[in-house]
Amino acid sequence: MSRGRERVVALVDMDCFFMQVEQRLDPQLRGRPCAVVQYTEWQGGGIIAVSYEARAFGVSRGMWASEARALCPELALARVPQARGKADLTR
């Protein structure tokens with residue numbers, strides 16, 4: 001490559017991004033283990049985003065909220081609104 005045209009590779013943690021949006025909307029979630037859940041009430045809903053604080057307890061995306069609460073009892077959950085039967089991530 002010619003000088004001044006070096007490649008730049010950036011990693012963006014979009015999994016945590018959705019959690020940070022919720023933390024910005026609700027400042028009480030900041031610094032706490034929390035996760036964003038979507039869809040069904042069955043087993044607390046499916047987790048789609050996890051804060052770094054919750055990751056330290058082993059909580060991960062794709063878990064049911066009930067599984068995550070077993071790992072981290074103080075886990076706060078933010079529910080994504082639905083639009084036409086799907087998660088509405090426009091926020």
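In this predicted model, the largest nonpolar core comprises 11 residues: Ala35, Val37, Ile47, Val50, Ala54, Val59, Met63, Ala65, Ala68, Cys72 and Leu75. Two or more residues of this core are contributed by each of the elements β1 (34–38), β2 (46–50) and α3 (65–71). Another core lies apart from it and has 9 residues, including Val36, Ile48, Ala78 and Val80.

Val37, a member of the largest core, touches Gly44, Gly45, Gly46, Ile47, Ala65, Leu77, Ala78, Arg79 and Val80, when residues up to four places away in sequence are left aside.

At the surface, Val12, Met14 and Phe17 form a nonpolar patch, and together they have about 280 Å² of accessible area. Phe17 belongs to helix α1 (residues 14–25). The relative accessibility of Phe17 is 38%, so this residue counts as partly exposed.

The protein chain contains 3 helices and 5 strands, arranged along the sequence in the pattern α-β-β-α-α-β-β-β. Its radius of gyration is 16 Å, well over the 12 Å given by the globule rule for 91 residues; the chain is therefore more spread out than a compact globule. Further values for the whole chain are tabulated below.

| Property of the protein chain | Value |
|---|---|
| Box filled by the C-alpha atoms, along the principal axes | roughly 55 × 35 × 25 Å |
| Share of the 91 residues that count as buried | 33% |
| Share of contacts with a separation of 6 or more that join residues 24 or more positions apart | 43% |
| Accessible surface | about 6300 Å² |
| Share of the accessible surface belonging to carbon and sulfur atoms | 53% |

How values were computed. Residues are numbered from 1 along each chain as its sequence is written. This is a predicted model: local features need pLDDT of at least 70, side-chain atom pairs count only at pLDDT 80 or more; totals for chains, interfaces and linings use all residues. Side-chain values use heavy atoms; hydrogens and water are left out. Patches are made of residues with over 30% relative accessible area and no salt bridge: like charges are joined within 9 Å, nonpolar side chains (Val, Leu, Ile, Met, Phe, Trp, Tyr) within 5 Å. Accessible areas come from the Shrake-Rupley method with a 1.4 Å probe; for residues, only the protein chains shown count as cover. A salt bridge is a side-chain nitrogen of Lys or Arg within 4 Å of a carboxyl oxygen of Asp or Glu. Helices (H or I, at least four residues) and strands (E, at least two) are DSSP runs, numbered from the N terminus. Buried means under 20% relative accessible area, exposed over 50%, partly exposed in between (1.4 Å probe, protein chains only). A nonpolar core is a set of buried Ala, Val, Leu, Ile, Met, Phe, Trp, Tyr and Cys residues joined through side-chain atoms within 4.5 Å. Contact means heavy atoms within 4.5 Å. The radius of gyration is taken over C-alpha atoms; the globule rule is 2.2 Å times the number of residues to the power 0.38.
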